[in-house]
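Could you walk me through this structure in my viewer, one selection at a time? I have not looked at it before, so please tell me what to pick and what I will find there.

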Amino acid sequence: MTATELDTIAPQATGSPGGRPRSAAAAAKEGLSGRLASVIALVIAVLWTVPTFGLLVSSFRPEEDVKSNGWWNIFTDPAFTLKNYSDALNGGASGEGLSTNLINSIVITIPAVLIPISLATLAAYAFAWMDFRGRDVLFVAIFALQIVPIQVTLVPLLSLYVDPPFNLMPLAGRDAPAGGLYELWLSHTIFALPLAIYLLHNFMRQIPGELIESARVDGAAHVQIFSRIMLPLMMPAIAAFAIFQFLWVWNDLLVALVFSSPEVTPLTVQLVSLVGEKGQDWQLLASGAFISLAIPLVVFLTLQRYFVRGLLAGSVKG
Amino acid sequence: MRSRNMRRGLAAAAALASAGLVLASCASDDDGGSSEASGTWPGDGKSECSGLEQLADFGDLSGKSVSVYTSILPPEQEAQENSYKLFTTCTGASVKYEGSDQFETQLVVRVKANNAPDIAYIPQPGLLKTVVDSGQVVEAPSQVADNVDEFFGEDWKGYGTVDDTFYAAPLGASVKSFVWYSPSMFQKNGWEVPETWDDLMSLTGDIAATGIKPWCAGIESGDATGWPATDWLEDVLLRDAGPDVYDQWVNHDIAFNDDAVAEALDKVGAILKDPKYVNGGFGDVDSIATTAFQDAGQPILKDQCALHRMASFYAAQWPEGTKVTEDGDVFAFYLPVTNEDFGKPVLGAGEFVAAFDDRPEVAAFQTYLSTDVWANEKAKSTPGGGWVSANTGLDEANLSSPIDKLSAEIFQDPDATFRFDGSDQMPSAVGAGSFWKEMTAWVTGESTKDALTNIENSWPSS
Amino acid sequence: MSTSDKFVQMVIAVAIFYVVIGAILLLTQRLRSRAGERVQTAAFLGPSVLLICIGLLYPAIVTVWQSLHGASSFDPPWVGLDNYKKLFTDKQQLTVLRNTLLWVILTPIVSTGIGLVYAVLVDRIRFERIAKALMFLPIAISMVAASIIWKFVYAYRSGEADQIGLLNQILVWLHVDPYNFLLNDPWNTFFLIVILIWIQAGFAMTILSASIKAIPDDIVEAARLDGVGGWKMFRFITVPSIRPSLIVVLTTITIATLKVFDIVQTATGGNFNTSVLAYEFYRQNFIAGNQGIATAIAVVIFALVIPVVIYNIRQMRKLEAR
């Protein structure tokens, strides 16, 4: 908030010792805008949900209905089936159904969220609160590298995994350790870092410098400042980014297609292959999408509790 | 004191790290035993392995495994894997199957990164040439070449050959020259399956006169939008100008916009661009461009259109319970010829088995796939139908679905001249680029001349 | 590999990671000299910088190198700047550039705007969590599913047939002729942009909501006691307080928009004048097999980010200066 904007409010605030009760007019205005606000919020919520709702309805409709008329016909001509769900769940090529793929997705995603976030928080701290030469240049370079399309990195990275320099252990190929899990984790980490560093750095800059300065004067090391002051204050930002990183990895198709072996195929890849090579069974995607949606939604609802009002209270630069 | 603690911590970390790596390498150790190829083969004396004596050349392959990368997905994948059981019985080697809907792009990525599978089923001769250029594809073993000479036509062997070296034997095949229709609807209206192009056009007129749009079509297919229209043009050109002109056109020995091609495209346009004839159930001519090819034939079931030109694999698109037989709900007839001079040309497609390694188990698997034994085994493993091969050793009786039988009949018909889908053989800048795009633009209003000229201009110079 | 093997691998990998990072930090934390400061910086930054150099910088350099070479995937010949010449002389590329600009301008502004308004409106209401989950849904759905969702919205059938697309059904109910949303240039591009806005608004909403919650209560209360409410609160308290987050969200969505290709891919395949640079890159690289042109397009996309980078640097400087 800029100084002038603060001024427009501040004089009034100081001019009323003891806090003046709100006028009836002001309350009415708020009430009105409150009602209008509810309507706008409701409209947006409906617009955003209807397309997905259509898919949800479709996922319960029989195949020939899905292919021949719109999902709203369910209200005039109700025909429900769970067949799409049972087909999607049992239709895994391995014969084991989707449960194996679900486990693969979990095993791929958890480290691919924890590792980049930890690294990025450290790096963001360094960019925000450590002084070193070339800091700004390095930061801008990392920021700009976000634009590199993942597609151009696939071949160079895969070559490095198959044939690493300095006689390191190959992470891909016939003898890939853990069915290629290591290359998946590493790749997801790499692709997440620039955006994570950029986002977390910007949140970290909003924490007042005096906090860090006074801790430094008291003799605290960077590691202590980082773990005792920074981490708790950064929880909302870290949680927000964790949600997105979780989703991106969970829904990723490209990285999985290139780096995963059949042993560790995640849900997304399996769902796409359910549709068949000529796309004949795309109605299965509808049910598959909701099967795969369940876990990200749980994660969102869980991490949402970290967005608590006032966690940063008094510490944000005005 | 402090530093010692730290060192201990580091040592613990190192120990943990190496534990992880050891475990990692253990977990990946799935090659099992390392028995050398010996004189005897596991199939020796087993009755089910008769006809596969060639596999004895490769010895005992127990514990070995072959990785296969393909674009073939469920439910067909299951049938493929079941048909490999006999291979495992007779050689001891197992097959690791991986299917992907992004096969074409991912194969190139893997090959570039030196991470090629042992075997890939390549659905386009053009792609085969691209990966052969990498230098990593190995020549087909002599057993495979012998089998292909015995069981496949000269034309099929040619599509697996690059620069006079034979690399890849054909696997499955599909017929593209089909028109889907509803036998019951035809019977009800007294329509006859047409034998000549003129019959087809007068039937089209008759159907239009009843108020039903005769044709339905859709060329939307995501990235590949436009390909069904390229098949139309290829099919008509092959009939109109004959296989020789077709080959010259595919190899760019004549210009892409040659008069013969323009004439063929106008013949297609007489159907696809006539608002009286299309697009039943979907709308006007333009709607062809935005209708998914999977959806395009469905209005036949609701009597909203009568004819839909699409390959044999469209059989999989009919909803469960649809009777796909000559007297059922839907069936297909051979797209009639425009010109009696060239016999019975068939446009089709298929996959080819390319190997990136010459280990004995890989060569053995290639050999197995090129035999008549496998072709029949595969037919028996596909009770639902939807698979056919150009292998002349394939016994039609083993095919379960009427449409597959019809396809196999066409492949084995001595009058039939087979030609592979042309766009699959052209350089990908055309075959997977301008050809698709310009045909889409043509459907939505571009003139025949402009469309063909634009494609001609996009042909790579070298 | 069995399920338990996979979990064991996962736990080991995460444990190794934290033990190594923890050890590095503990080892370096007591170094207090000038050189020690540098070692500490390296400990914080080193792993990230190393990974980014291997995984992004090196491929980026390879890309620039490939853009000076010919089409073929294996051993392409040197062609100098020919690919770039081709890019900037082709008339179709002008349409692609026009579309890319439309995407890059509209998507960040509209989706951030909607996300912000929504975040403010549902803040502190009774059903806040559910309301937010609703707008969050689109990002949680994979792109493959999203393509089907929008097929059910835009699909076109003629008037007499049953509609599959919701919008055309609404037109039919209103006795208006159905409209082929994806076919008619240039409006089709706007309809495709709507899909990305639908996805990205949830991202904006989540980040901005977290920021709004971080506005200190005393500031809000002070303003409220002064009778500041509704629009004024939004304009003079909320927006200025979360300005840094707004810039972050706008920037992130801009970059994401420049990279998005799958919406165009699944909806139109780049036909009907809807293609954008990112899709042309994908198509040339993986479908048309023209590595030279593809990488040249990628380099043009890099170049397009430069204004965004400069804007961010200036904003950073402004913040530092305060």
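Here is a tour in several stops, from chain B to chain A and then to chain C. Keep in mind throughout that this is a predicted model.

**Stop 1: the two domains of chain B**

Start by giving two colours to chain B: domain 1 covers 58-174 + 348-413, and domain 2 covers 178-345 + 420-458. Taken over C-alpha atoms, the centres of these two domains of chain B are 28 Å apart.

Now look at where they meet. In chain B, 15 residues of domain 1 are in contact with 20 residues of domain 2. To see the domain 1 side of this contact, select α5 (125-132), β11 (344-355) and α16 (402-412) of chain B, each of which supplies at least two residues to it. Which element gives the largest share of that side? It is α16(B), with four residues. If you colour the domain 1 side by class, you will find six nonpolar, eight polar and one charged residues.

**Stop 2: a sheet in chain B**

Stay with chain B and show its strands β8, β9, β7 and β10. They form an open sheet of four strands in the order β8-β9-β7-β10, and the pairing is mixed. β8 (213-215) and β10 (331-334) of chain B are the edge strands, each with a single partner, so one side of each has no neighbour in the sheet. Ignoring direction, neighbouring strands here are turned by 25° against each other on average.

Zoom in on β8(B) and strand β9 (residues 305-309) of chain B: the two run parallel and are joined by two bridges. Pick B:W215, and you will see B:L307 of β9(B) opposite.

**Stop 3: two crossing helices in chain A**

Next, select helix α5 (residues 83-90) and helix α14 (residues 283-303), both of chain A. Their axes are 8 Å apart, and the helices pack at an angle of about 75°. That angle makes α5(A) roughly perpendicular to α14(A).

**Stop 4: annotated spans in chain A**

An unreviewed UniProt entry lists "transmembrane region" for several stretches of chain A, including 182-204, 225-250 and 282-303.

**Stop 5: annotated spans in chain C**

For chain C, UniProt (unreviewed entry) also places "transmembrane region" features, among them 39-61 and 233-256. Select residues 39-61 of chain C, and you have a span of 100% helix and 0% strand whose end C-alpha atoms lie 28 Å apart. Residues 233-256 of chain C are 96% helix and 0% strand, and there the end C-alpha atoms are 31 Å apart.

**Stop 6: where chain C meets chain A**

Finally, show chains C and A together. How many residues does each chain bring to the contact? Chain C brings 102 residues and chain A brings 111. On the chain C side, highlight helix α2 (residues 34-66), which gives the most, with 18 residues. Colouring that side by class shows 72 nonpolar, 21 polar and nine charged residues.

Definitions and conventions
Residues numbered from 1 in each chain as written. Chains lettered and ligands numbered in written order. Predicted model: local features only at pLDDT ≥ 70, side-chain atom pairs only at ≥ 80, totals over all residues. Domains from an automatic or database assignment. Contact = placed C-beta atoms within 7 Å. Nonpolar A, V, L, I, M, F, W, Y, C, P; charged D, E, K, R; others polar. Axes fitted to C-alpha atoms, helices over the stretch in contact; angles between N-to-C directions. Parallel < 35°, antiparallel > 145°, perpendicular 65-115°, else oblique. UniProt positions renumbered as here; feature names shortened; annotations may be inferred. Pairing = 2+ DSSP bridges.
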